[in-house]
Amino acid sequence: MLLDLTNQARLANGLAPLAPHPALVTAAEEYAELHAYLSPDQLGHHLNGSTIDSRAEAEGYSGWTLMAENLAWCSADPPLSPADVVQQWLASAAHRGNILNPTLNETGVGCYVRVSDQPFRICVQEFGARP
């Protein structure tokens, strides 16, 4: 759903849709889970010494020329809808810049939801550009 909404925003701005890439999906899913365990209440792009590109490359994503990442955290009670998450990203200049960057052409999305003990959701969207 996040990918569909991201692509709707890109199409509305005259950009080609992003293609899902399995390595970026896995990198996003694993980073969302890592984030939930290492830093459940503070977002960061460099947990455990990793970087956007090192996480993607570890999953086999190679030949890239540009990488970017959007992170979102929200309480799961009540939860933000996927549309709310994308709207928050679009309201932020940096996140919007990633979504609407015409050079980026692939993506992967992963979310982690904790339902017990202070429920929350962490969503990660990885972006990549390859020729």
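Predicted model: local features only at pLDDT ≥ 70, side-chain atom pairs only at ≥ 80, totals over all residues.
The backbone oxygen of E69 lies 3.3 Å from a polar atom of the N98 side chain.

N98 belongs to helix α5, which spans residues 93-99. With a relative accessible area of 16%, N98 is buried, because the cut-off for that class is under 20%. Leaving aside residues up to four places away in sequence, N98 touches A68, E69, N70, L104 and F127.

**The disulfide**

One disulfide is found in a search of the whole structure. The cysteines concerned are C111 and C123, whose sulfur atoms are 2.3 Å apart. C111 sits in strand β3 (residues 106-114) and C123 in strand β4 (residues 120-129), so the bond ties together parts that are 12 residues apart in sequence. The link is right-handed, with 110 degrees about the S-S bond. As to accessibility, C111 is partly exposed at 39%, whereas C123 is buried at 3%.

The relative accessible areas of the residues discussed individually are set out below.

| Residue | Relative accessible area | Class |
|---|---|---|
| N98 | 16% | buried |
| C111 | 39% | partly exposed |
| C123 | 3% | buried |
| S62 | 47% | partly exposed |

In helix α4, which covers residues 82-91, the buried residues are V85, V86, W89 and L90. These residues lie on the same side of α4, because they cover an arc of only 135 degrees around the helix axis. The face turned away from the buried side of α4 carries Q87 and A91, which are exposed.

**The loop residue S62**

S62 is located in the loop that runs between α3 (52-58) and β2 (66-75). The relative accessibility of S62 is 47%, which places this residue in the partly exposed class. S62 and R130 are 68 residues apart in sequence, while their C-alpha atoms are 8.3 Å apart in space.

Notes:
Residues numbered from 1 in each chain as written. Heavy atoms only, no water. Buried < 20%, exposed > 50% of the residue type's maximum accessible area, 1.4 Å probe, protein only. Helix = DSSP H or I, 4+ residues; strand = E, 2+ residues; numbered from the N terminus. Arc of directions from axis to C-beta. Disulfide = S-S within 2.5 Å. Polar contact = N/O pair within 3.5 Å; in protein donor to acceptor, adjacent residues only side chain to side chain. Contact = heavy atoms within 4.5 Å.
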